[in-house]
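Keep the structure open while you read, and look up each spot as it comes.

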Amino acid sequence: MGMAEMGREIGRDRRRVEDRRLITGAGRYPDDLAPRDTLHVAFVRSPFAHATIRALGVDRARRAPGVVAVYVAPDFATPGPIAVAAPSRPGAIRESLQTAPGEPGFRGRAQPTLTGDTVRFVGEPVAMVVAESAGTAVDAGALVEIDWDPLPAVADLIDAAEPGAPSVHAELIGNVAFTTRAGTADAEVDRLIASARHVVRRRLRVNRLAGVPIQPLTVAAWPDRESEALTISCTTQSPWRIRAAVAKALDLPETAVRALAPDVGGGFGTRGAVAVEYLAVAAAAHRLHRPVRWVATRSEDLLASRAARDVVADAEIASDDEGRILALRARVLLALGAYAEVPGPGRRILQCTNGPYDIPGVAVELKGVFTHTTPTGAYRGAGRPEASYFHERMIDALAQELGLDPLEIRRRNFISPDRFPYQTALGPLYDSGNYAPALEKVAAAIDYAGIRQRQAAGANGRRAIGVGFASYVEPTANGYESGYVRVEQSARVTCFSGSHPQGQGHATTFGQIVADRLGIPFVWVTVRQGDTAAGPPGTGTGGSKSTTLGGGALVQAADRVHEKARQIAAHLLEAAVADVQLREGKFVVVGAPGREVAWTRVAAAAYGSGLPPGMEPGLEATAFFHMADQPWSFGTCGVQVLVDLDSGEVAVERLVSVDDCGTIVNPLLLLGQSHGGLVQGIGAALAEWSQFSAEGQPLSGTLMDYAMPRAGGLPWFDVSYTSTPSPWNPLGTKGHGESGTIAAPPAVVNAVLDALRPYGVRAIDPPLTPERVWQALRLARGA
């Protein structure tokens, strides 16, 4: 069944069908679903990064007017650790942690729902107050009496990895939760480096970030009034994961828990975890047999939500005189925060450090380190931005060492298109790629030659112009997803996806995919998501997988529906099934003009008379789609900056991005994904930084202290695409949602270093705030 017979939706710009509902206040967010008589929750949190609780008194709080209950740690003992980021397929954790010889396996520690003896980060919840109003709950929380015994703390990743550092978990020896490696044997990497004519070494650091979705952490839970069943609605990227976690925590069958999340105000990976607050609220609703809800304040959200990044690499790169890379090695420290049930984004760092380059020897050693800070997790990119930052900074450093143009060194080392599928030294198999066209398009669009001429002319006074590039690869669509398609008697279509949106536009994209496969008008398709009681189990959204996996599952389900419909149409037309095709919304007999039947008649026949003998009624199908390997997106980002040499202020004047994510379903929505990722990437490079004091006290706990990118500080983005379809899924798609956060940070940093190189600045890590740039200039001058 070729595309010509299917429809004309793939590749078509469509505005999001969700937008009218969302911008007119008709959205249905978790807090909107709570019943009117809902109780409210306030959490009592630790003011210390590390302390033991000598005594905990809650009697005054329990006696306060309007208080229904006060819970502490013993009230919420769970049957076992709750995985906050369950692997997307069996064995994923095991494969991601092939530990180095002689090193311990993964020594993970689950965060308790409430802490009863020792707190390990500022903001860790120790008690929960349930009251008739939110204000009453907060006031009663202030009545909880706690006798603290502060202990030494360590917040810095490098310090925490040192022997003798304060222990985050006293039962462990040291703070290293795991050590793992991937790639070429160290002896071979040593040999390649020893044989190289040029070797460059750098210590690189990626700043800790907060996701800051527009909607803070929110949860509401309410019991069924006639059974033990419970419904929970929360800000999540995976209702199915929420259902499994709540069922396990409350010792209920999964069939007794319904998870709902019709609309969620942003996620970016931070809503992939199961927050302990969600489990606490669910437990309270179950015990009290009353509805209970909690909505975090913005400051509370910054304390409680999973942070991200905070990674250090000691890297070395080696080449011959022509700039052909022989070896790349990185020894990486990854901050886990105070708790970790899974290795976080470590697997992606291991997979992606090779980048788009043909390198004979690549090795990565990765250590996950506990610190006295908020636990870390996924945030848009989840390991990919860290790896991209490492290899792109090292590529530029090597070019500088060789006196080679940064574009030319990339050209000489890109994997050739005829090498795909390409097996990297780190393990992944790249499905398809053609990297040079994206680089050349970026160089032309940004006027690279013109920028070099302006630099040579030196006509910018006390402002230095710089240009930088970053080429990247991005593994996408790991795991599986479910899809369900039903053609109603009217020929209208209802479909359900196990994927789950937080603003990506799934209802539009999935509607286009199904309309395209069934050859029906787009407006005939209704897409439903976010309800574990309404469709087959899925995995949710994350890792740029929704269009490829969610769309792939809907393609399979729609194709099965189409095939049954062809059989019904053939029976109605008294023709052989092989002679019937779907064209422009009608089933026609090939070679017999006028012999046709409309979708509406076929759909009606599926539920009434007119079925072939022995065929059961109905016209629906369910599919679960999984790929043996992941498709790899790629692209190049180019940035032009102006740096004020007196103040250190960096202005991004131009940004050009050329990306390749295979087949494009909706170019308009893809452009929106590009813009969002690039904004967050610029924010990570120039402003955002989740900081702690040496003792673990948050220094950026409000949006007065945590700087976010603003429209006034952003250029107009020049974004375009190439298309190298993936051979590994029926749509030929690859994920794209994280590309901006992967490519923009190293491109910005490389551009700033390019501007400052004449002034002696050789290295600087993000965020490139005016103060940090000014300090780097001052240090280079020897001031």
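## One side of helix α13

Start with helix α13, which runs over residues 435–445. Keep in mind that this is a predicted model. Five of its residues to look up are Tyr435, Ala438, Leu439, Val442 and Ala443, and they are buried. Where do they sit around the axis? They cover an arc of only 130°, which puts them on the same side of α13.

What covers those buried residues? The cover includes the helices α12 (406–413) and α14 (448–457), along with the strands β17 (429–430), β18 (463–475), β26 (632–644) and β27 (650–660). Just past the end of α13, you'll find aspartate 447 with a positive phi of about 60°.

Now for α12 and its partner α11, which spans residues 384–402. Two packed helices are described by the angle between their axes and the distance between the axes. Here the angle is about 110°, and the axes are 9 Å apart. Angles of 65 to 115 degrees count as roughly perpendicular, so that's the word for α11 and α12. Their crossing is right-handed.

Who makes the contact? On the α11 side it's Glu392, Ile395, Asp396, Leu398, Ala399 and Leu402, while α12 brings Pro406, Ile409 and Arg410.

In soluble globular proteins, nonpolar side chains tend to be buried together. In this model, the largest nonpolar core has 99 residues, and Val332 and Val639 touch the most other members. Helix α19 (residues 739–756) gives the most to this core, with 11 residues. Another core, of 45 residues, lies apart from it; Ala491, Val555, Leu611 and Val665 are among its members.

Zoom in on valine 332. Leaving out residues up to four places away in sequence, valine 332 touches Val311, Val312, Ala313, Ile349, Val364, Glu365, Leu366, Lys367 and Phe390.

Glutamine 111 lies in the loop between α3 (92–96) and β4 (118–119). Is glutamine 111 buried or exposed? Buried means under 20% relative accessible area, so at 13% glutamine 111 counts as buried. Skipping residues up to four places away in sequence, its contacts are Phe121, Glu124, Pro125, Val276, Arg306, Tyr339, Glu341 and Pro375.

Alanine 457 belongs to helix α14. With a relative accessible area of 57%, alanine 457 is exposed.

How values were computed. Residues are numbered from 1 along each chain as its sequence is written. This is a predicted model: local features need pLDDT of at least 70, side-chain atom pairs count only at pLDDT 80 or more; totals for chains, interfaces and linings use all residues. Side-chain values use heavy atoms; hydrogens and water are left out. Buried means under 20% relative accessible area, exposed over 50%, partly exposed in between (1.4 Å probe, protein chains only). Helices (H or I, at least four residues) and strands (E, at least two) are DSSP runs, numbered from the N terminus. The arc is that of the directions from the helix axis to the C-beta atoms. Contact means heavy atoms within 4.5 Å. A nonpolar core is a set of buried Ala, Val, Leu, Ile, Met, Phe, Trp, Tyr and Cys residues joined through side-chain atoms within 4.5 Å. Axes are lines fitted to C-alpha atoms, for helices over the stretch in contact, and angles run from 0 to 180 degrees between N-to-C directions. Angles under 35 degrees count as roughly parallel, over 145 as roughly antiparallel, 65 to 115 as roughly perpendicular and the rest as oblique. A crossing is left-handed if the near helix is turned anticlockwise from the far one by less than a right angle, and right-handed if clockwise.
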